[in-house]
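Me: I have a model open and want to learn how to read it. Can we go feature by feature?

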Amino acid sequence: MQAELERLRAENEKLKRPSRGQMSLKVSEKGALSVYGLGRFPVTLYREQWEKLLGMSDEIRTFIQENDGALKKKEV
């Protein structure tokens with residue numbers, strides 16, 4: 001009975017963690033927003049930085065299109 005309980009606890013913890021390649025959001029200890037799942041480490045910025053970056057989304061998309069040949073693509 002104890003072994004079954006431990007197995008279920010371990011399974012529950014595994015389900016709580018996002019699986020590889022799946023993106024998730026978290027508020028860091030310092031109050032910043034971290035995005036997990038893009039790479040080995042999270043991308044962490046403060047709110048104002050995210051808002052500034054998101055405000056440039058059209059410019060970023062255009063830049064990517066204009067520089068498609070020079071930008072490398074990582075196979076996921």
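Me: What does the secondary structure of the protein chain come to?

Reply: First, the ground rules. This is a predicted model: local features need pLDDT of at least 70, side-chain atom pairs count only at pLDDT 80 or more, and totals for chains, interfaces and linings use all residues. Residues are numbered from 1 along each chain as its sequence is written, and side-chain values use heavy atoms, with hydrogens and water left out. Helices (H or I, at least four residues) and strands (E, at least two) are DSSP runs, numbered from the N terminus. Here the protein chain has three helices and three strands. Their order from the N terminus is α-β-β-β-α-α.

Me: How much of the protein chain is buried?

Reply: Buried means under 20% relative accessible area, exposed means over 50%, and partly exposed lies in between (1.4 Å probe, protein chains only). Of the 76 residues in the protein chain, 5% are buried.

Me: Is Ser34 buried or exposed?

Reply: Ser34 is buried, at 3% relative accessible area. Ser34 sits in strand β2, which covers residues 33–36.

Me: Which residues does Ser34 touch, leaving out those up to four places away in sequence?

Reply: Contact means heavy atoms within 4.5 Å. By that test Ser34 touches Ser24, Leu25, Lys26, Ser28, Pro42, Val43 and Thr44.

Me: With which side chain does the side chain of Ser34 make a polar contact?

Reply: A polar contact is a pair of N or O atoms within 3.5 Å; within protein, one must be able to donate a hydrogen and the other to accept it, and residues adjacent in sequence count only if both atoms are side-chain atoms. For Ser34 the partner is the side chain of Thr44, at 2.7 Å.

Me: How many salt bridges are there?

Reply: A salt bridge is a side-chain nitrogen of Lys or Arg within 4 Å of a carboxyl oxygen of Asp or Glu. The count is five. One of them joins Arg9 and Glu6, with N to O at 3.2 Å.

Me: Why are Arg9 and Glu6 separated by about one helical turn?

Reply: Because they are three residues apart in helix α1, residues 2–16. Arg9 is partly exposed at 47%, and Glu6 is partly exposed at 39%.

Me: Which residue forms a salt bridge with Arg7?

Reply: Glu11, with the closest N and O atoms 3.0 Å apart. Arg7 and Glu11 are four residues apart in helix α1, so about one helical turn separates them.

Me: Where do the side chains of Asp68 and Lys73 meet, in N to O distance?

Reply: They form a salt bridge at 3.8 Å. Asp68 is partly exposed at 41%, whereas Lys73 is exposed at 66%. Elsewhere, salt bridges with shared partners link Glu4, Arg7 and Glu11 into one network.
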